[in-house]
Amino acid sequence: MPIAVGIDLVEVDEVEAALHSHGERYLRRIYTDHERHDCAGDPRRLAARFAAKEATMKALKRSHDPLPWRSIGVRLGAAGEPALELSGAAAALAEDRAVSSLSVSLTHERGVAAAVVIAECGR
Amino acid sequence: MTEDDVKTEIQRVLRDHARLPVDVEQLQDHADLFQAGMTSHASVNVMLALEDAFDIEFPDQMLKASVFQTVASIADAVGQLQAGVV
């Protein structure tokens, strides 16, 4: 089964700057309700989720004109494992790409956060 | 606000929020800001600061790399939003 991979890196201080300058408006424009709840304002976790959005766009081969930020979200499972939730334009693009499953891994350390997304393609 | 005023304000927003490793005033109007070092997240900060500076709101369909790619493309988008044509 063919796979596509996306990866992205975000500096946590860019998220801190956005929180400082734009606060709640930044959170509402970029993150889903679940993400805002799960992160509780922690810039490291927000940065990891922003990286996940970018990594997903890369895995879906949509890196030039981004999908709406809130159409890609990370939701934590019962054991705290992250999973991707797509809606709207992102879900439509995944359907168009015949994506059968998406996996995501997040990390943050020493001022940077990263995400890797693997898309399995084929019905 | 004249075109020069708009450009000056865009340059101020870029200087404060784009985190470019080069002097904004040194960039041509059509220079690619992403190639100059602006990250995707920095473009979000720029977008939100532009909304504050010009009292506008970018709709989802305008949140594209091509809109924030150059000073000229940003000025065009700001002009469209101020004119209410988007």
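Is R19(B) buried, exposed or partly exposed? The tour reaches that residue at its last stop.

**Before starting**

This is a predicted model, in which local features need pLDDT of at least 70 and side-chain atom pairs count only at pLDDT 80 or more, while totals for chains, interfaces and linings use all residues. Residues are numbered from 1 along each chain as its sequence is written, and chains are lettered from A and ligands numbered from 1 in the order in which they are written.

**Stop 1: chain A as a whole**

Select chain A, which holds four helices and five strands. Helices (H or I, at least four residues) and strands (E, at least two) are DSSP runs, numbered from the N terminus. In sequence order, the elements of chain A read β-α-α-α-β-β-α-β-β. The C-alpha trace of chain A spans about 45 × 30 × 25 Å along its principal axes. The radius of gyration of chain A is 14 Å, which agrees with the value near 14 Å for a compact globule of 123 residues. That radius is taken over C-alpha atoms, and the globule rule is 2.2 Å times the number of residues to the power 0.38.

Of the 123 residues in chain A, 39% are buried. A residue is buried if 20 or more other C-beta atoms lie within 10 Å of its own, exposed if 12 or fewer, and partly exposed in between, with C-beta atoms placed from the backbone. Among the contacts in chain A with a separation of 6 or more, 63% join residues 24 or more positions apart. Two residues are in contact if their C-beta atoms, placed from the backbone, lie within 7 Å.

**Stop 2**

Select T56(A), in helix α3 of chain A. T56(A) counts as buried because it has 28 C-beta neighbours inside 10 Å. Leaving aside neighbours within four places in sequence, T56(A) is in contact with G6(A), I72(A), L84(A) and V117(A).

Next select L86(A), in strand β3 (residues 82–86) of chain A. L86(A) counts as partly exposed because it has 19 C-beta neighbours inside 10 Å. Not counting residues up to four places away in sequence, L86(A) touches S71(A), I72(A), A91(A) and A94(A). The C-alpha atoms of L86(A) and S21(A), 65 residues apart along the chain, are separated by 28 Å.

**Stop 2: where the chains meet**

Show both chains: 16 residues of chain A are in contact with 13 residues of chain B. On the side of chain A that touches chain B, the elements that give two or more residues are α1 and α3 (43–59) of chain A. The largest share of that side, nine residues, comes from α1(A). By class, the side of chain A that touches chain B has nine nonpolar, three polar and four charged residues. Here Ala, Val, Leu, Ile, Met, Phe, Trp, Tyr, Cys and Pro count as nonpolar, Asp, Glu, Lys and Arg as charged, and the others, Gly among them, as polar.

**Stop 3: α1(A) against α2(B)**

Select helix α1 (residues 12–30) of chain A with helix α2 (residues 40–54) of chain B; they pack at an angle of about 70 degrees, with their axes 10 Å apart. That makes α1(A) roughly perpendicular to α2(B). Axes are lines fitted to C-alpha atoms, for helices over the stretch in contact, and angles run from 0 to 180 degrees between N-to-C directions. Angles under 35 degrees count as roughly parallel, over 145 as roughly antiparallel, 65 to 115 as roughly perpendicular and the rest as oblique. Residues of α1(A) in this contact include V15(A), S21(A) and Y26(A), while those of α2(B) include V44(B) and L48(B).

**Stop 4**

**Stop 5: two loop residues**

Most residues other than glycine have a negative phi. Select A40(A), in the loop between α2 (33–39) and α3 of chain A; its phi is positive, near 50 degrees. A40(A) is exposed, with 8 other C-beta atoms within 10 Å.

Finally, select R19(B), in the loop between α1 and α2 of chain B. R19(B) is not a glycine, but has a positive phi of about 55 degrees. R19(B) counts as partly exposed because it has 18 C-beta neighbours inside 10 Å.
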